[in-house]
Amino acid sequence: KTVFVLNGPNLNLLGTREPAVYGAQTLTDVQNLCAQAAARHGLALRFHQSNHEGQLIDWIHEAGQLHAQGELAGLIFNAGAYTHTSIALMDAVKGTGVPLLELHISNVHAREAFRHHSYLSPVARAVVCGLGVPGYALAVDAVAQW
Ligand code: DQA
């Protein structure tokens, strides 16, 4: 099976973007962590980042095709700020039925009020937030049990 890891807007800036909030590790470090965790569980990994909402939707649809074939372990998705704005991403998850683990590096509930609402949480099987970059590896561990 395949674990899909999607990253939304500005996550390409990890490492230099607000390091006090998001840490010093880069998206390449995140990808390496995910690859190691996936390999431990015998899962294939698809790992992507885009700043474009439509591209993220297209990848959710691809994850949906794997799901329909019984080949998807789960979708781990850090949608960045689209979490708080995007009905279209929520609809893509709903429409494909992919098992979603919503992930945030920071504890969004301890931050500004506009980060407290998520369009994705109601369609997520699980939510991980505030564990930092190591949260990605733990999320892969969790999805491997689904
Ligand atoms: C984030 C939290 C979001 O509120 C923010 O817009 C991000 C990153 C996180 O990983 O903590 O871009 O999803």
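Start by selecting Ser106: is Ser106 buried, partly exposed or exposed? Ser106 is partly exposed, because 18 other C-beta atoms lie within 10 Å. Here is the rule: a residue is buried if 20 or more other C-beta atoms lie within 10 Å of its own, exposed if 12 or fewer, and partly exposed in between, with C-beta atoms placed from the backbone.

Before moving on, keep in mind that this is a predicted model: local features need pLDDT of at least 70, side-chain atom pairs count only at pLDDT 80 or more, and totals for chains, interfaces and linings use all residues. Residues are numbered from 1 along each chain as its sequence is written.

**Stop 1: around Ser106**

Ser106 sits in the loop between S4 and strand S5 (126-129). Helices (H or I, at least four residues) and strands (E, at least two) are DSSP runs, numbered from the N terminus. Leaving out residues up to four places away in sequence, Ser106 touches Val21, Tyr22, Arg111, Cys129 and Gly130. Touching, or being in contact, means that the two C-beta atoms, placed from the backbone, lie within 7 Å.

**Stop 2**

Now pick Tyr22 and His104, which the UniProt annotation "active site" (unreviewed entry) covers. They are spread over 83 residues of sequence, yet they cluster in space, with a largest C-alpha distance of 9.5 Å. UniProt positions are given in the numbering used here, feature names are shortened, and annotations may be inferred rather than shown by experiment.

Tyr22 belongs to helix H1 (residues 19-22) and is partly exposed, with 19 other C-beta atoms within 10 Å. His104 lies in strand S4 (residues 100-104) and counts as buried, because it has 22 C-beta neighbours inside 10 Å. Not counting residues up to four places away in sequence, His104 touches Asn78 and Cys129.

**Stop 3: helix H2**

Which residues of H2 are buried? They are Val30, Cys34, Ala37 and Ala38. Look down the axis of H2: the buried residues fall within an arc of 100°, so they line one face of the helix. That arc is the one made by the directions from the helix axis to the C-beta atoms. Why does that work? An α-helix has 3.6 residues a turn, so residues three or four places apart point the same way.

**Stop 4: strand S1 and its partners**

Next, colour S1, where five of its six residues are buried. S1 and S2 run parallel and are joined by six bridges, and Asn7 has Gln49 in S2 as its bridge partner. S1 also pairs with strand S3 (residues 72-78) in the parallel sense, over six bridges. Strands count as paired if DSSP finds at least two bridges between them.

**Stop 5: the core**

Finish by showing Leu75, Ile76 and Val140, which touch the most other members of the 34 residues in the largest nonpolar core. S3 gives the most to this core, with five residues. A nonpolar core is a set of buried Ala, Val, Leu, Ile, Met, Phe, Trp, Tyr and Cys residues joined through C-beta atoms within 7 Å. Zoom in on Val140: setting aside neighbours within four places in sequence, Val140 is in contact with Val3, Cys34, Ala37, Ala38 and Ile76.
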